[in-house]
Amino acid sequence: MIEVLSSTALSTVQDLGRTGSLRWGVGTAGAMDPLALAAGNLLLGNEANAAAIEVPVFPFVARFAEDCAFALTGADCAARLDDQPLLPWWAHQARAGQVLTLAAPQPAAVWRASRAYLCLGGGVDVPEVLGSRSTQLRGAFGGHEGRALRQGDVLRAAAPGMDTCPTGFGLVPPALALPLQVDGVAAMRVLPAAEYLCYQEASRAAFWAGEWKITPQSDRYGYRLAGETLTPIQPMELRSHGIVPGVIQVPSGGQPIIQMRDAQPSGGYPKFGTVIEADLWRLGQAPIGSRVRFIETTWDDAVAALGELQGWLDEVRRLAGLHRWQRGRN
Amino acid sequence: MMIAELQQLAASLAGTDIGLLELRTPHGHVRLRRDGAAPENYLLEELQGHAGAPGPLSVATSTVPAMPPAVASSVGVFLHHHPLRGTPLAPPGTGVQAGQTVGLLQIGALLLPVAAPQAGVVASMLQAHGSLVGYGTALVELHPSMPPAADA
């Protein structure tokens with residue numbers, strides 16, 4: 001069990017998402033950086049989809065009420081367990097009473113990221129709702145009581161596993177293993193979407209050529225970007241239609257919005273493009289105020305990119321499993 | 001493991017200067033040694049990583065008690081600092097506890113700690129950051145943490 005000591009807002013319990021419920025109007029939710037969540041779970045021998053705590057605002061402080069194996073992934077938060085500094089992307093163990101502190105990620109870090117993941121042995125034990133343990137903030141269900149964590153909340157680890165779960169090893173973060181940048185700026189691959197060709201050629205060219213700033217009006221629901229104005233060839237009016245995380249909509253102001261994990265399941269703005277599923281974790285980690293670039297891609301390359309991520313996770317699962325096996329043997 | 005695979009491994013080894021290859025898998029344990037003359041006990045000690053066992057590393061040459069270095073627990077790439085951080089885990093002069101992480105070993109996506117075998121002070125890094133090292137390679141030299149003698 002851990003108890004949240006800080007009063008920091010917006011931390012939520014997430015897994016890889018509530019897929020398959022869009023037909024009922026239920027959004028996907030899930031980790032903004034699913035790769036970090038899955039990797040943290042694999043370090044502990046959990047299922048990749050086990051629930052963990054996503055921390056977007058710092059400092060985050062929690063006390064372990066029992067001995068517990070845990071893993072930290074995502075943004076490097078100069079974490080400490082009591083006074084002892086902890087490595088990022090690493091499986092650790094805590095004794096009952098120890099206090100974990102996550103500080104704000106450094107803007108000058110090797111990898112500029114915004115969200116940390118705290119995974120617990122066996123996963124965070126919250127009830128499954130519609131096939132997922134993710135917090136559905138709009139509907140106020142799932143996760144821990146359907147809401148963000150508050151000071152005093154107590155969460156249970158499904159299998160703290162102190163004696164059975166070897167810790168003390170880590171991973172090279174995928175941001176370094178699978179880097180994607182254009183001119184030193186974090187980049188995401190985008191598929192042109194239904195209304196792409198309805199935009200002026202200059203706007204289309206500017207979308208790929210320019211840098212896009214992630215404005216403060218960006219959260220788990222969506223990222224509002226600032227950059228070159230995207231102008232349609234002629235004004236468009238659309239009926240509402242289904243949308244998924246990654247869809248880039250352009251309201252009449254010409255500044256795009258990218259739907260993120262807590263996006264509503266339908267919308268009526270023109271769709272300029274879609275950030276491919278395999279790159280949503282990169283966007284999910286891009287801090288407010290940072291700049292991103294977009295790379296035009298194809299369906300086949302988008303599918304291949306997803307395969308590359310799966311390959312990385314498979315390798316992590318294999319190596320972590322082999323290491324745990326060897327440790328158990330010695 | 002099939003005999004054909006062993007033959008293939010042996011053939012590959014023939015073209016290298018590797019003296020000992022040990023392969024541990026969930027299905028079995030294979031050790032291929034090029035020089036059959038080496039004493040088995042010595043090899044076993046080395047394999048089991050008995051840092052305190054008598055061996056070439058513990059030969060004292062001065063009045064300062066020799067300390068075993070931190071060694072590689074596996075083949076891998078030796079890192080002085082975490083890939084996300086610019087500062088070394090244990091620069092020379094750092095006082096460390098037994099078992100404290102003084103470097104990292106990267107094996108593909110995996111990072112393993114290089115642990116100090118005893119409490120002491122980090123004296124020097126014996127391998128460069130990013131260098132490929134073999135099993136048992138001495139990586140970090142440690143000195144005892146006791147204060148220097150007054151007549152030094």
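Buried residues make up 47% of the 330 residues in chain A, as computed from a predicted model.

**View 1. Overall build of chain A.** Chain A contains five helices and 22 strands. Its radius of gyration is 20 Å, close to the 20 Å that the globule rule gives for 330 residues, so chain A is as compact as a globular protein of that length. Taken along the principal axes, the box filled by the C-alpha atoms of chain A is roughly 65 × 35 × 35 Å. Of the contacts in chain A between residues at least 6 apart in sequence, 76% join residues at least 24 apart.

**View 2. Helix 1 of chain A and the residue that follows.** Helix 1 spans residues 34-43 of chain A and is mostly covered, with ten of its ten residues buried. Just after helix 1, A:Gly45 adopts a positive phi of about 80°.

**View 3. The largest nonpolar core and the surroundings of A:Cys119.** The largest nonpolar core comprises 110 residues. Those with the most contacts inside this core are A:Ala52, A:Leu118, A:Cys119, A:Val124, A:Leu171 and B:Val102. Helix 1 of chain A contributes the largest share of the core, seven residues. With its neighbours within four places in sequence left aside, A:Cys119 is in contact with A:Gly40, A:Asn41, A:Leu44, A:Asn46, A:Ala50, A:Ala52, A:Phe70 and A:Ala71.

**View 4. The cis peptide bond at A:Pro59.** Most residues other than glycine have a negative phi, and most peptide bonds are trans. The bond from A:Phe58 to A:Pro59 is cis, with omega near -5°. A:Pro59 is placed in the loop that connects strand 3 (52-55) with strand 4 (60-64) of chain A.

View 5. A:Leu10, a residue other than glycine, has a positive phi near 75°. The loop that holds A:Leu10 runs between strand 1 (2-4) and strand 2 (12-14) of chain A. A:Leu10 counts as partly exposed because it has 15 C-beta neighbours inside 10 Å. A:Trp89, also a residue other than glycine, has a positive phi near 50°. The loop of A:Trp89 lies between strand 7 (84-85) and strand 8 (90-94) of chain A. A:Trp89 has 26 C-beta neighbours inside 10 Å and therefore counts as buried.

**View 6. The contact between chain A and chain B.** Chain A supplies 22 residues to the contact and chain B supplies 15 residues. On the side of chain A that touches chain B, strand 12 (169-171), helix 2 (174-177) and helix 5 (299-329) each provide at least two residues. Helix 5 gives the most to this side, with eight residues. By class, the residues of chain A that touch chain B are 16 nonpolar, four polar and two charged.

**View 7. Strand pairing across the two chains.** Strand 12 of chain A pairs with strand 7 (residues 110-115) of chain B in the antiparallel sense, over two bridges. A:Gly170 has B:Leu111, in strand 7 of chain B, as its bridge partner. Strand 12 covers residues 169-171 of chain A, and A:Leu171 is among the residues with the most contacts inside the largest nonpolar core.

Terms used. Residues are numbered from 1 along each chain as its sequence is written. Chains are lettered from A and ligands numbered from 1 in the order in which they are written. This is a predicted model: local features need pLDDT of at least 70, side-chain atom pairs count only at pLDDT 80 or more; totals for chains, interfaces and linings use all residues. Helices (H or I, at least four residues) and strands (E, at least two) are DSSP runs, numbered from the N terminus. A residue is buried if 20 or more other C-beta atoms lie within 10 Å of its own, exposed if 12 or fewer, and partly exposed in between; C-beta atoms are placed from the backbone. The radius of gyration is taken over C-alpha atoms; the globule rule is 2.2 Å times the number of residues to the power 0.38. Two residues are in contact if their C-beta atoms, placed from the backbone, lie within 7 Å. A nonpolar core is a set of buried Ala, Val, Leu, Ile, Met, Phe, Trp, Tyr and Cys residues joined through C-beta atoms within 7 Å. Ala, Val, Leu, Ile, Met, Phe, Trp, Tyr, Cys and Pro count as nonpolar, Asp, Glu, Lys and Arg as charged, and the others, Gly among them, as polar. Two strands pair if DSSP finds at least two bridges between them.
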